[in-house]
Amino acid sequence: MAAPDQFETLFREFLNGSLTRRQAMLRGAGLGVGAAVVGALPVGRSGSNAALAQDGAPKPGGVLTMGMQSDPGGLDPQKQSLTALWHVVEHIYSRLTKVEPDLSIAPELAESWEISEDGLTYTFKLHQGVKFHNGREVVAGDVKYSYERLVDPAMASPSAADLLSMAGVEAPDNYTVVLTLKARDASILANLAAQSCIIIPKEVVEQNGDLAQVAVGSGPFAFKEYVPNTQITLERNPDYFEEGLPYLDGVELLIAAEDTSRTAALVQGSVDFIEYVPPKDIELLQGDSSIVLAGHSIQQIRMIGFNLRKEPFNNVKVRQAINAVVNRDDIVAASLQGHGTTTDIPFSQDFWPALKREVPPPDVEKAKQLMTEAGYADGFKTSITTWAEYGTIKDAAVVVQEQLKQIGIDAELNALPTGEMGQVVYVDFDFDMAVTGTSGFVDPHGVMLDFKTGESGNFVGYSNPEVDKLIDAGIAETDQAKRAEIYQQIQEILLQDLPWVNLLIGQQYEAMKTYVKGYEHIPTGSNLKVREVWLDK
């Protein structure tokens, strides 16, 4: 039998999310702790699968109210690339593939697929009888239309790079999709799970001109109403093709951008579930017996992006000076209350392509010397653009603003609402520095592509031919160890060129009342598992 301190360690690792319930049971078995004992562990105040415990069979019915951090700014994920928008459309639409909580890729609309020996042709067989919310069957031609719409230059989609490797897509019959690639692409199945790759009925686009205010998909919930900056209402799709799902009659997504109001709404019971638990409230919610947390790990990076099209940020020594002066520990402490990890590369150290290294401490004197060498010994005036509705990112920007004063950089803070931020920074490129981030990536290629010359996600305007070649090599390589070596070479170069100054990787939790059952955290930040939620009340 395990010693008391061994069981205590096991217990703590389960509660803090380091172990899932299944992992805890396996570990407990190895220690001689019976399954019944481990199974009696409380549904943790946090943990990646904390809300999975189900007391009995799922109960159909009820409406889940969710407190959301930000307004989606529209309803067309092929026109905008915003996380807040993805958290709406993932419930309405289907894709060929989907991401599971362990970051594996599983079929969604695709029943199966085959890959040619040369890796250039993917043949998908679709589920038959799947219906759009307007009653029409989903067929292969809809996949062809949706993918071609995404990459159409006239769309100018910021997510067009998700299908960058696509040479063409055909629908030889109603249930077969043939995707041909320009070159081998190790990330393509993960990319097809992106919200930009939703399957859309052509007639809805033609009837409405676009999808800004309407959404007709084949997902578990049908769109009913969108009141900007207030709420989105979804209803159960009775014809959803995954048998028995969803359990809920509907979902109400209530916009609660202010962190305190989102937490208060959950504590008071005016919502059942909140996303993006504010770091300052994690301990508070962990201590509330009516609430359970799910989460911890997240595929995310927060950084300073420089507009390299502008002076003085086209001067690498200025960028190096800023990198040297930022104190990442202080940024994590102030913006995440310590619930995060400092980094100067775009990946967490436990993600397979990460360059293994320690983050150097700030060096103000080195930063001042670099500013002098760059010709800005007395500093300069500039601006920092950031998100008004993402409190942790905005808080990080405030700390960066203060730290830059040490080397004479006087930066005005410009916090913009979601829709405006997306337009100003990612479409118009009308910024000096942007404290922002990216998240939800499954394959590293999605982040690496943001550094490739001319790509839609390369909002900073970075260009390095050597990096371009390495990005191409990385996506063509199917051996993960060799891919990791390539991506580590890229990270070494980026540490010198510094188109971004990477700051931190946060922890992300969702919180819900204990009667919310069946939810599972996905490290991309997706709430896709809402389709499996049921209410035990």
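Predicted model: local features only at pLDDT ≥ 70, side-chain atom pairs only at ≥ 80, totals over all residues.

**Entry 1: around Asp 173**

I place Asp 173 in strand β6, which covers residues 166–173. Setting aside residues up to four places away in sequence, I see Asp 173 touching Lys 125 and Ala 140. Ala 140 is 33 residues from Asp 173 along the chain, yet I get 6.9 Å between their C-alpha atoms. I also followed the side chain of Asp 173 and found that it reaches the backbone nitrogen of Tyr 175 at 2.8 Å.

**Entry 2: Gln 128**

Tyr 175 came up again when I turned to Gln 128: leaving out neighbours within four places in sequence, Gln 128 is in contact with Glu 137 and Tyr 175. I locate Gln 128 in the loop between β5 (121–126) and α5 (140–151). Its relative accessibility is 57%, so I put Gln 128 down as exposed. I also checked Glu 111, which is 17 residues from Gln 128 along the chain; their C-alpha atoms are 8.8 Å apart.

**Entry 3: the six-stranded sheet**

Next I traced an open sheet of six strands, and I read the order as β14-β18-β13-β17-β15-β16, with mixed pairing. Why is one side of β14 and of β16 left without a neighbour in the sheet? I see β14 (340–342) and β16 (409–416) standing at the edges, and each has a single partner strand, so one side of each has no neighbour there.

I then went through two of the pairings. β13 (residues 300–306) and β17 (residues 433–439) run in the antiparallel sense, and I count seven bridges between them. Phe 306 has Met 433 of β17 as its bridge partner. Helix α10 (residues 316–325) packs on the sheet, and I find it touching β13, β15 (380–387), β16, β17 and β18 (500–506). The direction of α10 makes about 135° with that of β13.

The other pairing is β15 with β16, which I log as parallel over eight bridges. Thr 386 is bridged to Ala 415 in β16. I also checked how covered β15 is, and seven of its eight residues are buried.

**Entry 4: Gln 508**

Gln 508 lies in strand β19, residues 508–513. I get a relative accessibility of 5%, so Gln 508 goes down as buried. Beyond four places in sequence, I list its contacts as Tyr 276, Ala 294, Gly 295, His 296, Ile 298, Gln 300, His 521 and Gly 525.

**Entry 5: a helix pair**

At what angle do α16 and α17 pack? For α16 (residues 465–476) and α17 (residues 480–497) I find about 160°, with the axes 9 Å apart. I therefore describe α16 as roughly antiparallel to α17, since the cut-off for that label is over 145 degrees. I record the crossing of the two as left-handed.

Which residues meet where these helices pack? From α16 I list Glu 466, Val 467, Leu 470, Ile 471, Ala 473, Gly 474 and Ile 475. They meet Arg 483, Ile 486, Tyr 487, Gln 489, Ile 490 and Ile 493 of α17.

Notes: Residues numbered from 1 in each chain as written. Heavy atoms only, no water. Pairing = 2+ DSSP bridges. Helix = DSSP H or I, 4+ residues; strand = E, 2+ residues; numbered from the N terminus. Contact = heavy atoms within 4.5 Å. Axes fitted to C-alpha atoms, helices over the stretch in contact; angles between N-to-C directions. Polar contact = N/O pair within 3.5 Å; in protein donor to acceptor, adjacent residues only side chain to side chain. Buried < 20%, exposed > 50% of the residue type's maximum accessible area, 1.4 Å probe, protein only. Parallel < 35°, antiparallel > 145°, perpendicular 65-115°, else oblique. Left-handed = near helix turned anticlockwise from the far one by under 90°.
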